[in-house]
Amino acid sequence: MAGSQRTFRHADGERIPGTWRHVFIHNGGTYFLSDLIVYADGLIDCWGLVTLDQFAEKLRSGWVATTLEEGARASAHHVGAWTFGEVQWSTTPEELLGEVRDEIDRLNDRPDSAGRCRAAAAEFCADPSEERRAALREAYLAIPRHLRRYALGDMDRKDWPLKVLAFGPGAPLPGDGSIVTDEMHRKALEYFAERDLARNRAAARRPVDGADVAHAPAVELNQVFYPNGWPADPGPLVLRNEYPAPIEIDGAVYPTVSHAYWALSTLDDRHREAIRTADTPYAAQRAAGDATRRAGWEQARAAVMARLLRAKFAQHPGLAQVLTRTGDATVLYTDGDSRYWDWHGEVGRNWMGRLLELVRAELAAQQHGLTG
């Protein structure tokens, strides 16, 4: 299937991941080009959600088509209609069902049929007994037939070494019928030994300039709602823009980064002063709502925020230490009013979190004398 094509649905408040591929639905004498959507919970959408067993019945009945007749009428909604000519089709109902089962396994981070076959090959290489070979052969034949060519992920060798080990010396290879020789078998064993060595080397390799992913767990900076106020020990919440850490910008002192941000967003002196002196960051934002944004603000706001964060942590070294102590953690910033600043799962852009990570890196560079 097109495993890289991701989708999802919501069920009882839970997000169920899925993937999809194109199929033909045979309905009323016409073949409709449609999406076959497979979900991690085992439900399949083929013009209605069905279980895996029900989907198998849809395949057996021809509702989800795996054979097409020349001259049959087809339709793609909002695209066009045509009739089939010189039909070429290579997937059986059993093979498509196996493909769907594999996709459900992958969506649940379980080995699919190819993964189980590779595991059986590793067990055979560790103990090349005929019992292990039989298990490997069974695992190989469990891969849907039309997918038995790339289980190893090797474009050059395809699955030749896998088939050689699965069937063994003296047996014909499926596909071309050639007889497995002792020399072929030896080369297949060498292939897997070299493959394991290369994989172990790759796993031990570390990028020259540091790790690819964060070692520290992610830090989520949740919104603090007034009138509850700040907790006695706010911890990393001091990194939030509304935390009361006065900063001086261009000769004016602002109670928080939020006050400064909204004040700088307008050129109206009256509104700017009302924002600066607002009782809370939320009052400052409300006051800014009555003012006109200055020209180019939307394009410049990230740079302005970066400047304000640099000022905050330069003028409050203790808060800078809190930021640097987050190490290389991903910073997730909650801002219910803006998906630009907010991380909001897969929807928000998390620019606040990203800018905090940037300033943290700058502080680390200063600390280690790497600023030039």
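Modeller: Glutamate 242 sits in the loop between β9 and β10. Strands here are DSSP runs of E, at least two residues, and helices runs of H or I, at least four, numbered from the N terminus. The model is predicted: local features need pLDDT of at least 70, side-chain atom pairs count only at pLDDT 80 or more, and totals for chains, interfaces and linings use all residues. Residues are numbered from 1 along each chain as its sequence is written, and side-chain values use heavy atoms, with hydrogens and water left out.

Glutamate 242 has a relative accessible area of 5%, so it is buried (under 20%; exposed is over 50%, partly exposed in between; 1.4 Å probe, protein chains only). Its side chain makes a polar contact of 2.6 Å with that of arginine 240. Such a contact is a pair of N or O atoms within 3.5 Å; within protein, one must be able to donate a hydrogen and the other to accept it, and residues adjacent in sequence count only if both atoms are side-chain atoms.

Glycine 229 is partly exposed, at 23% relative accessible area. From glycine 229 to alanine 40 is 42 Å, C-alpha to C-alpha, and 189 residues in sequence.
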